[in-house]
Amino acid sequence: MPPRHPEAIIPPPEDIVVPTKRVACDGGGGALGHPLVYMDMGGEDFVECGYCDRRFVLDAHPRPENEYLSPAARPPEAH
């Protein structure tokens, strides 16, 4: 692997604000996605996907955990 230049700009992972501590991620779906994984933030207010490095951040006004909302980036008809 070639060395990185110190002035190279590496974009940060995508941040997605979510209303619950439990989230699902499929990397955007399609050919560039990854297997659907479910994650729980536990005691933190964020969690990062181990496949695509997306960072899910808890909203300032979270919803109760009994409301299901999938933040996976898929069109509504795919659910």
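G28 sits in the loop between strand 2 and strand 3, where strands are DSSP runs of E with at least two residues, numbered from the N terminus. With a relative accessible area of 34%, G28 is partly exposed; here buried means under 20% relative accessible area, exposed means over 50%, and partly exposed covers the range in between, for a 1.4 Å probe and protein chains only. Between the C-alpha atoms of G28 and C52, which are 24 residues apart along the chain, the separation is 9.3 Å. The model is a predicted one, in which local features need pLDDT of at least 70 and side-chain atom pairs count only at pLDDT 80 or more, while totals for chains, interfaces and linings use all residues. Residues are numbered from 1 along each chain as its sequence is written, and side-chain values use heavy atoms, with hydrogens and water left out.

Turning to the overall fold, the chain has 0 helices and 5 strands, where a helix would be a DSSP run of H or I with at least four residues. Along the sequence this reads as β-β-β-β-β. Of the 79 residues in the chain, 25% are buried.

Strand 5, residues 55–58, takes part in two pairings. Two strands are taken to pair if DSSP finds at least two bridges between them. With strand 1 (15–18), strand 5 pairs in the parallel sense over 4 bridges, and D15 stands opposite R55. With strand 4, residues 46–48, the pairing is antiparallel and runs over 3 bridges; here V47 stands opposite F56. In a regular strand the side chains alternate between the two faces of the sheet. Strand 5 has F56 and L58 on a covered face, and R55 and V57 on an uncovered one.

A hairpin is formed by strand 4 and strand 5, with 6 residues between them. D53 belongs to the loop between these two strands, and its phi is positive, near 65 degrees, in a residue other than glycine. D53 is also partly exposed, with a relative accessible area of 43%.

What makes up the largest nonpolar core? A nonpolar core is a set of buried Ala, Val, Leu, Ile, Met, Phe, Trp, Tyr and Cys residues joined through side-chain atoms within 4.5 Å. The largest such core holds 10 residues in all, namely I16, V18, V23, C25, M39, M41, V47, C49, F56 and L58. Strand 1, strand 2 and strand 5 are the elements that give two or more residues to this core. Although V23 and L58 are 35 residues apart in sequence, their C-alpha atoms are 9.9 Å apart in space.

The cysteines deserve a friendly word of their own. If a disulfide is a pair of cysteine sulfur atoms within 2.5 Å, the count comes to 0 disulfides. For C49, the closest cysteine sulfur is that of C52, at 3.7 Å, so the two are too far apart for a bond. The sulfur of C52 has its closest cysteine sulfur in C25, at 3.6 Å, which is likewise too far for a bond. C49 is buried at 2% relative accessibility, whereas C52 is partly exposed at 31%.

A polar atom of the T20 side chain lies 2.9 Å from the backbone oxygen of R22. This is a polar contact, meaning a pair of N or O atoms within 3.5 Å; within protein, one must be able to donate a hydrogen and the other to accept it, and residues adjacent in sequence count only if both atoms are side-chain atoms.

In strand 3, residues 37–40, D40 has its place, and its relative accessible area of 45% makes it partly exposed. D40 and K21 are 19 residues apart in sequence, with 5.7 Å between their C-alpha atoms in space.

Lastly, R55 lies over the face of F46, at 3.8 Å from the ring centre. A charge sits over a ring if NZ of Lys or CZ of Arg is within 6 Å of the ring centre and within 35 degrees of the ring normal.
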